[in-house]
Amino acid sequence: MRSALAGVDRLVLLLMVGIPTLLHLALVWVPTLSSVVLSFSSWDGIGDLDTIKFVGFQNYVDIFTAYPRFWPAVQHNLIWLAFLIVLPTGFGLLLAVLLDRKMRFTRIYQSILYLPVVLALAMVGFIWQLMYEPNLGLVNNLLGIAKTNPIDWLGNSDINIYSVLVAAGWKHTGYVMLLYLAGLKSFDPSLKEAAALDGANGWQTFWKVTFPVLKPINVIVLVITVIEGLRAFDIVYAINHGRNGLELVSVLITDNIIGESSRIGWGSALAVVLLVISLGFIITYLVQVFRKEDRP
């Protein structure tokens, strides 16, 4: 009986570990490695694999030197990343600190602020399209310019990237708030009491005691924010297919792989560039964090 149960346990463990591992390999690593290989090729995705022509680093050279949409897209991704790190992340932290003070109706506030997180970014894009509508939208009507001098928030290529960032930040703020709120709930209150006994005010207690203890949450928030900033796609694609000032690297990947051009090699090379940029930010920060933790 004992050996039979052990055999069943091993089978269950094998299924619980093996199936997710196979799915992860099939859905993540196989496409990733395939993209890396195809990035050195020229292929329209229509013919057999025998029609794939390897061109070395030519796709990368063309992307960096002869693709006019690439550098504006990179710039927009960096603006997106900087915005999410500074404003929504900071505001989410502020909201978490305020909600951690056990004010009345805290649960209601948390639910309202977290509500945008459960929405897909494409849905967020549709909602804010209605709010940004020049004549009937909420934003211009609140500003009192809907009938006199309406602003085309999404049609003007000089400002639409910032308008979309406000919409993306609306969703990201709730997520960051929840992460920091979970960290604050697990915070040892005796540390605050000790800081108060030492004469520290609220601001000093937060920066010298609370914030350093939240270092694991800071790492999680930064990694998630970098990923969100660099993989942004659906909200701009829902608005205008990522054109007229809303170009992002992810949109260029989609246009080249499944668009009319069907340049699988180019699209794969763009995907590899985005992957390298993402890993560069994440690995650099994590290495610095772990080095500081290893120091005596």
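Predicted model: local features only at pLDDT ≥ 70, side-chain atom pairs only at ≥ 80, totals over all residues.

Now to the rings themselves. The structure holds 12 aromatic pairs. One of them joins Tyr67 and Trp266 in an edge-to-face arrangement, with 4.9 Å centre to centre and 75° between the planes. Where in the chain do these partners lie? Tyr67 belongs to the loop between α2 (58–66) and α3 (70–99), while Trp266 is in helix α13 (residues 264–294), and the pair links distant parts of the chain, 199 residues apart.

Are these two residues buried or exposed? Tyr67 has 9% relative accessibility, so it counts as buried. Trp266 is buried as well, with a relative accessible area of 12%.

A further edge-to-face pair is formed by Phe70 and Trp71, because their ring centres are 5.0 Å apart and their planes stand at 70°. Phe70 is buried, at 1% relative accessibility, whereas Trp71 is partly exposed at 46%. Elsewhere, ring pairs link Trp128, Tyr132, Trp153 and Trp170 into a cluster.

Finally, the annotation. An unreviewed UniProt entry lists several spans under "transmembrane region", among them residues 78–99 and 159–182. In the model, residues 78–99 are 100% helix, with end C-alpha atoms 31 Å apart. Residues 159–182 are 96% helix and 0% strand, and their end C-alpha atoms lie 35 Å apart.

Technical notes
Residues numbered from 1 in each chain as written. Heavy atoms only, no water. UniProt positions renumbered as here; feature names shortened; annotations may be inferred. Helix = DSSP H or I, 4+ residues; strand = E, 2+ residues; numbered from the N terminus. Phe/Tyr/Trp six-rings, centres within 6.5 Å; stacked < 30°, edge-to-face > 60°. Buried < 20%, exposed > 50% of the residue type's maximum accessible area, 1.4 Å probe, protein only.
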